[in-house]
There are 2 protein chains.
Amino acid sequence: MRSTAEARRVTVLNTAVSVFARAGFHATPVTAVAAAAGISEAYVFRLFSGKLGLFVAAAGVCFDRIADAIEAGAERAEGDSPQEILDAMGGAYAELIADRDLLLFQVQAQAVTDIPEIAEAVRAGYRRVATFVQSRAGASDAQVQQFFAYGQLCHLIVTAGLEQVPEPWARALTAGIRHP
Amino acid sequence: MRSTAEARRVTVLNTAVSVFARAGFHATPVTAVAAAAGISEAYVFRLFSGKLGLFVAAAGVCFDRIADAIEAGAERAEGDSPQEILDAMGGAYAELIADRDLLLFQVQAQAVTDIPEIAEAVRAGYRRVATFVQSRAGASDAQVQQFFAYGQLCHLIVTAGLEQVPEPWARALTAGIRHP
DNA sequence: CATGTTTGTAAGTGTGCACTCACAAACAAT
DNA sequence: ATTGTTTGTGAGTGCACACTTACAAACATG
């Protein structure tokens with residue numbers, strides 16, 4: 001035995017997040033995940049219950065990583081006001097998604113929410129993040145809503161590549177967004 | 001000849017927006033679009049240069065419809081202040097995407113921006129809408145940015161089905177969003 | 001070392017789908 | 001009528017990919 005199945009699952013899930021992030025659920029063959037993880041396709045199917053199970057599990061680690069980063073960011077807040085804590089969380093999130101994998105995976109997951117299991121995984125992820133943001137920052141509903149609205153704006157900016165567009169309308173949309 | 005090719009193209013594109021909106025680019029076979037439009041798959045391939053050409057053209061009509069709706073909404077604004085005009089535009093947009101097709105198509109398009117032609121179509125669409133919003137409303141960069149941030153929040157609300165979630169975090173995210 | 005369990009794979013199988021081609025019918029022009 | 005053009009389809013073709021099975025090697029336990 002080279003490795004335990006549980007350890008394999010972890011490495012496969014991490015690579016799955018990266019690989020699915022590029023082309024999405026339907027356009028990513030399981031072979032691609034297996035190759036990136038350095039194991040055979042057949043073994044991926046033994047470790048997970050089909051492609052869907054793999055994707056749902058990857059969504060879990062994606063939102064876990066986001067929640068952890070936001071939690072750590074909140075600890076580094078300078079003051080105690082809700083807005084200061086939200087800003088610290090936003091900064092931590094911006095840093096986290098600099099590599100784009102986690103952001104793109106969220107976009108891909110939201111695009112395949114016609115599959116009920118994935119819709120539920122997305123809801124579970126946002127439930128976890130949103131409840132934490134609200135309780136930890138002590139922010140109002142409106143502040144939390146704004147926090148996520150501008151988070152979603154980042155998805156547009158990155159997927160459409162608006163940082164690369166020098167035109168005024170694109171500059172307006174990207175203004176003040178932390179180095180995406 | 002039953003119909004002209006150009007008329008066929010129009011009807012095919014309208015059904016294509018609806019059909020692609022459900023399952024996205026990769027999960028939607030051209031057969032599904034052809035069947036929904038009531039013609040053969042082979043003829044769809046003659047009318048458009050492949051599945052990608054069809055999708056890009058559908059993106060064009062999607063953003064056309066959005067731009068038209070926002071333009072019409074601006075006409076119905078009560079006052080002349082940027083915020084009043086933006087609100088009127090937002091209301092018109094909310095009405096337009098009540099059927100979800102246009103909203104879901106945007107989400108699907110953003111998910112396949114790794115295909116350059118689609119990325120360019122998305123940029124072109126937002127370029128048209130954003131420049132119009134800014135010039136017509138006379139709004140500041142920050143106002144335009146906020147307009148689109150909350151628009152993107154609608155994408156999350158609809159794809160994750162948050163209107164159906166009674167929990168507080170979901171109510172916070174959906175608060176004040178016009179009947180999605 | 002014999003037997004059982006877990007890790008791992010090579011080689012299929014069946015299906016769905018993008019795209020093509022040969023061909024037909026409706027219409028137009030002379 | 002004849003010829004040409006446009007609209008339309010049925011019947012393929014070839015390939016990619018989700019998932020399975022049979023089998024092998026590493027390790028554990030008595």
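1. The second largest cavity is lined by Val107(A), Gln110(A), Gln152(A), His155(A), Val107(B), Gln110(B), Gln152(B) and His155(B). A cavity here is a set of points, on a 1 Å grid over the protein atoms alone, where a 1.4 Å probe fits but cannot get out, and lining residues have an atom within 4 Å of a point. This is a predicted model, in which local features need pLDDT of at least 70 and side-chain atom pairs count only at pLDDT 80 or more, while totals for chains, interfaces and linings use all residues. Side-chain values use heavy atoms, without hydrogens and water.

2. The volume of the second largest cavity is about 90 Å³, a volume being the space filled by probe spheres set on grid points that are joined across faces, edges and corners. Two or more lining residues come from each of α6 and α8 (141-159) of chain A and α6 and α8 of chain B; helices are DSSP runs (H or I, at least four residues), numbered from the N terminus. The lining comprises two nonpolar, six polar and no charged residues. Ala, Val, Leu, Ile, Met, Phe, Trp, Tyr, Cys and Pro count as nonpolar, Asp, Glu, Lys and Arg as charged, and the others, Gly among them, as polar.

3. The whole structure holds two cavities of 30 Å³ or more.

4. Turning to the interface, 40 residues of chain B and 41 residues of chain A take part in the contact (heavy atoms within 4.5 Å). The two chains bury about 3400 Å² between them, 64% of it on carbon and sulfur atoms; buried area is the accessible area (1.4 Å probe) lost on putting the two parts together, summed over both. On the chain B side, Gln145(B), Leu156(B) and Trp169(B) lose the most area to chain A, together 19% of what that side buries.

5. Two salt bridges cross the interface (a side-chain nitrogen of Lys or Arg within 4 Å of a carboxyl oxygen of Asp or Glu). Arg127(B) forms a salt bridge with Glu167(A), with the closest N and O atoms 2.9 Å apart.

6. Which helix supplies the largest share of the side of chain B that touches chain A? It is α8(B), with twelve residues. That side divides into 22 nonpolar, twelve polar and six charged residues.

Terms used:
Residues numbered from 1 in each chain as written. Chains lettered and ligands numbered in written order. 1 Å grid on protein atoms, 1.4 Å probe; cavity = no way out; pocket = protein on both sides within 12 Å on 5 of 7 lines; lining within 4 Å.
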